[in-house]
Amino acid sequence: MSDIYLGISYIDSLSPEIIERFKSEVDVPGLSVSIEARPEPGPFATLEWLAPTAVIAYIAKPYFETFLKEMGKDHYALLKKGLKNLGARFLGENVPRVQVIYTPGKIADTESVYSLTFSVVAAANERLRIKLLLQNNLSEIQFGEAIDAYLNFLVQLHEGNPLTPEVKGIDDARPVGGTLLLAYDTLGKRLEVINPLPRREA
């Protein structure tokens, strides 16, 4: 069985045509793309930003370690474009918002800063996932910058390059539940580590 390089997981109430369009945009010979429709979720017993979004784009470790090296940077450009086109359909002012159910029958009082509709997750290794949180108020340009920064970070990570200058807070990052959360700092024009746990008073 061939390695899965890319994947999309989405709730089955969404149109599969949007997902298939992403697959067609990134599809090339030798690329294995997994598409999974899942039922509407019930309440999550987890931190909001760690909960799966309605649409999750997943980048597997072999994509960077084998596929991208074989294809060169040609497919890298296709992936960037595909993710930007896919995310544009689920981010912005005029798209439906997903509400988090914390307990049966009770929803969040305020809208999340980060999209609960779309996110990108990549495997750093067998134990660590890196999730890109995307603010609901990102402009199209800012969203594109966020995808560029995230993919560049992943390439550097898998090539063994230093990461400290690229990501704010990476030195003190502490993954939660095997997931490291990142977001794009629109003022600093770089990624930053997001801590999902509230700070404890000393």
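## Exercises on a predicted model

K80 counts as partly exposed, with a relative accessibility of 21%. Keep that in mind for the first exercise, and remember that what you're looking at is a predicted model.

**Exercise 1. Find out what K80 pairs with, and which parts of the chain the pair links.**

Step 1: Look at the end of the K80 side chain. It meets the side chain of D148 in a salt bridge, 3.6 Å from N to O.

Step 2: Check how open D148 is. Its relative accessible area is 27%, so D148 is partly exposed.

**Exercise 2. Work out which elements K61 and E126 tie together.**

Step 1: Start with the contact. K61 and E126 form a salt bridge, and their closest N and O atoms are 3.5 Å apart.

Step 2: Now locate the two ends. K61 belongs to helix 2 (residues 61-71), while E126 is in the loop between strand 6 (118-123) and strand 7, so the pair ties together parts 65 residues apart in sequence.

Step 3: Is E126 buried or exposed? Its relative accessibility is 70%, so E126 counts as exposed.

Step 4: Look for further partners. K61, E126 and E65 are linked in a network of salt bridges.

**Exercise 3. Describe the surroundings of T179 and of its strand.**

Step 1: Find the element. T179 is part of strand 9, which covers residues 179-185.

Step 2: Judge its exposure. The cut-off for buried is under 20% relative accessible area, and T179, at 9%, counts as buried.

Step 3: List the neighbours. Leaving out residues up to four places away in sequence, T179 touches L50, L128, R129 and K131. With R129 there's also a polar contact between the side chains, at 2.8 Å.

Step 4: See how strand 9 pairs on the R129 side. R129 stands opposite T179, and five bridges join strand 7 (residues 129-133) to strand 9, the two running parallel.

Step 5: Find the other pairing. Strand 10 (residues 190-194) is joined to strand 9 by five bridges too, but here the strands run antiparallel.

Step 6: Step back to the whole strand. Seven of the seven residues of strand 9 are buried, so the rest of the structure largely encloses it.

**Exercise 4. Follow the hairpin turn to its salt bridge.**

Step 1: Four residues lie between strand 9 and strand 10, which form a hairpin, and K189 in the turn has a positive phi of about 60 degrees.

Step 2: The side chain of K189 meets that of E145 in a salt bridge (3.3 Å, N to O). This pair links distant parts of the chain, 44 residues apart: K189 in the loop between strands 9 and 10, E145 in helix 4.

**Exercise 5. Decide how the buried residues of helix 1 are arranged.**

Step 1: In helix 1 (residues 16-26), the buried residues include I19, F22 and V26.

Step 2: Look down the axis. The buried residues of helix 1 fall within an arc of 55 degrees, so they line one face of the helix.

Step 3: Turn to the face away from the buried side, and you'll find the exposed residues E17 and S24.

Step 4: Ask what covers the buried residues. Among the covering elements are strand 1 (6-11), strand 2 (33-38), strand 3 (55-59) and helix 3 (74-88).

Notes. Residues numbered from 1 in each chain as written. Predicted model: local features only at pLDDT ≥ 70, side-chain atom pairs only at ≥ 80, totals over all residues. Heavy atoms only, no water. Buried < 20%, exposed > 50% of the residue type's maximum accessible area, 1.4 Å probe, protein only. Polar contact = N/O pair within 3.5 Å; in protein donor to acceptor, adjacent residues only side chain to side chain. Contact = heavy atoms within 4.5 Å. Pairing = 2+ DSSP bridges. Arc of directions from axis to C-beta. Salt bridge = Lys/Arg side-chain N within 4 Å of Asp/Glu carboxyl O.
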